[in-house]
Amino acid sequence: MNKSSQISGFYKLNPKERVALVKDFAGLSEEECDLLQNTGSLSLEAANRMIENVVGAFSLPLGVAVNFLINNRDYIIPMAIEEPSVVAAASYAAKMVREGGGFHTSSTPPIMIGQIQVVDIADPDRAKKRVFQAKQEILKKANAQDPVLVSYGGGAKDLDARVINTTTGPMLITELHVDCRDAMGANAVNTMAEAVAPIVERVTGGHVYLRIISNLATKRLAKAWCTVPKENVGGEEVVNGIVNATAFAAADPYRAATHNKGAMNGIIALILATGNDHRAIEAGAHAYAAMRGQYTSLSTWEKTENGDLKGTIELPMAVGLIGGAVRTHPIAKIALKILGVKTANEFAEVIAAVGLAQNLAALRALAHEGIQRGHMSLHARNIAIAAGAQGKLADLVAERMVRERKIRIDRAKELIKELSS
Ligand code: NAD
């Protein structure tokens with residue numbers, strides 16, 4: 001008989017009691033239950049305070065990418081990721097970029113947009129004027145919600161209102177522009193949007209439904225650029241290949257998705273390592289890539305007059321040094337210490353540089369030797385481990401599979417037998 005997943009009061013149990021129930025439901029062994037609760041550096045108690053219904057913690061490898069020179073300052077980049085080759089590729093690209101003077105960056109102030117959706121308005125254009133007339137009252141109410149943010153020089157600075165036509169009729173979207181300083185700002189902005197909604201309802205005579213931050217943070221952009229001498233990237237042929245790859249991504253969404261995924265490999269690994277919200281960054285990046293009506297590349301690579309390679313990336317970057325899990329996850333705190341950034345703006349710029357490095361590494365491999373060679377040795381090791389090999393044996397099995405170009409679990413099992421006999 002199927003066991004039911006309807007478990008009333010599950011949230012009220014402690015992690016141990018929850019594990020006992022999940023053990024019964026899924027047929028977990030004692031050993032598996034122990035592994036679940038053996039949470040390492042993030043204690044079970046801390047995990048239990050972070051999210052709901054906790055039964056354990058999930059570990060990812062944490063690596064550091066080296067060689068990063070950004071605005072003439074050296075950085076070591078912490079990266080949490082399960083995918084082989086990403087950390088090595090970032091370090092390799094950063095080394096190439098270093099030869100050309102490193103990365104340069106810029107960013108806009110940390111302004112987030114909070115949306116308040118008003119429906120059922122008789123005259124949306126008149127309602128819009130009324131919102132602008134009430135601007136000072138709305139901003140004052142918003143700022144009263146977060147004196148701490150205001151004391152750091154942040155807070156609601158401006159507002160906008162626009163009428164949009166939708167399938168359920170016209171709507172007035174009022175937007176708060178909130179300077180979030182060193183916070184990502186979602187909680188801060190959502191609190192403000194909820195607090196000002198009654199004023200917006202009063203002045204527009206409409207009905208407010210949604211009051212929430214937008215992850216398309218077009219007012220909080222980070223940009224990075226670099227020039228790589230052609231000899232460091234592998235010569236003229238590779239430069240041409242990378243320039244052509246950019247043109248491909250710019251014109252074709254199927255390619256652009258993978259082009260951008262390459263950049264996000266580095267960006268998300270760093271975001272995860274620091275306890276930031278990677279869904280917010282992914283959502284913002286891809287929405288930004290589609291801003292002009294067609295999904296396209298977040299970066300561009302062009303040939304300079306003397307044949308070198310110049311790359312640029314720009315994307316929304318809503319990240320914080322405080323708030324969320326940033327200060328509650330012990331490893332996130334250490335990761336930020338390793339990174340050594342002092343403001344959310346500096347952090348956002350470093351992330352953009354890491355994205356550009358990762359993008360360069362992927363494009364160089366594609367334009368040069370193909371992506372698989374670099375990928376395969378670590379992938380093969382993972383397959384060897386999955387097949388049951390450990391330690392030195394895993395290396396031997398992986399090496400053989402790469403040499404034979406047969407990286408498959410069945411082959412790994414055969415090799416384990418052969419090499420251990
Ligand atoms: P937060 O509320 O934990 O911390 C921000 C607060 O810290 C500020 O409001 C301010 O009062 C205070 N603060 C102290 N020193 C500051 C400084 N130097 N600069 C700025 N503020 C300072 O977190 P948050 O950043 O408002 O929200 C982030 C969290 O919201 C994340 O966990 C995210 O996952 C979550 N979230 C995201 C979304 C979304 O992206 N759509 C929606 C809801 C919640």
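Visitor: Is T312 buried or exposed?

Guide: T312 is buried, because its relative accessible area is 17%, where buried means under 20%, exposed over 50% and partly exposed in between, with a 1.4 Å probe and protein chains only. A word on the basis: this is a predicted model, in which local features need pLDDT of at least 70 and side-chain atom pairs count only at pLDDT 80 or more, while totals for chains, interfaces and linings use all residues. Residues are numbered from 1 along each chain as its sequence is written, and side-chain values use heavy atoms, with hydrogens and water left out.

Visitor: In which strand does T312 lie, and with which residues is T312 in contact?

Guide: Strands (E, at least two residues) and helices (H or I, at least four) are DSSP runs numbered from the N terminus. T312 belongs to strand β10, residues 309–316. Contact means heavy atoms within 4.5 Å. Setting aside neighbours within four places in sequence, T312 is in contact with K223, A224, W225, L298, S299, T300 and L356.

Visitor: How many helices and strands does the protein have?

Guide: There are 17 helices and 10 strands. The C-alpha trace spans about 80 × 70 × 40 Å along its principal axes, and 46% of the 421 residues count as buried. Of the contacts between residues at least 6 apart in sequence, 70% join residues at least 24 apart.

Visitor: Which residues have the most contacts inside the largest nonpolar core?

Guide: A nonpolar core is a set of buried Ala, Val, Leu, Ile, Met, Phe, Trp, Tyr and Cys residues joined through side-chain atoms within 4.5 Å. The largest one here has 61 residues, and F68, I77, F103, M317 and L360 have the most contacts inside it. Helix α14, residues 344–368, gives the most to this core, with 12 residues. Take L360: beyond residues up to four places away in sequence, L360 touches A93, M96, V97, V228, V233, I242, W301 and L309. A second, separate core has 34 residues, including L139, A156, A186 and A188.

Visitor: How many disulfides does a search of the whole structure find?

Guide: In general, a disulfide is a covalent bond between the sulfur atoms of two cysteines. The test applied is a pair of cysteine sulfur atoms within 2.5 Å, and the search finds 0 disulfides.

Visitor: Are C33 and C180 buried or exposed?

Guide: C33 counts as buried because its relative accessibility is 4%. C180 is buried too, with a relative accessible area of 1%.
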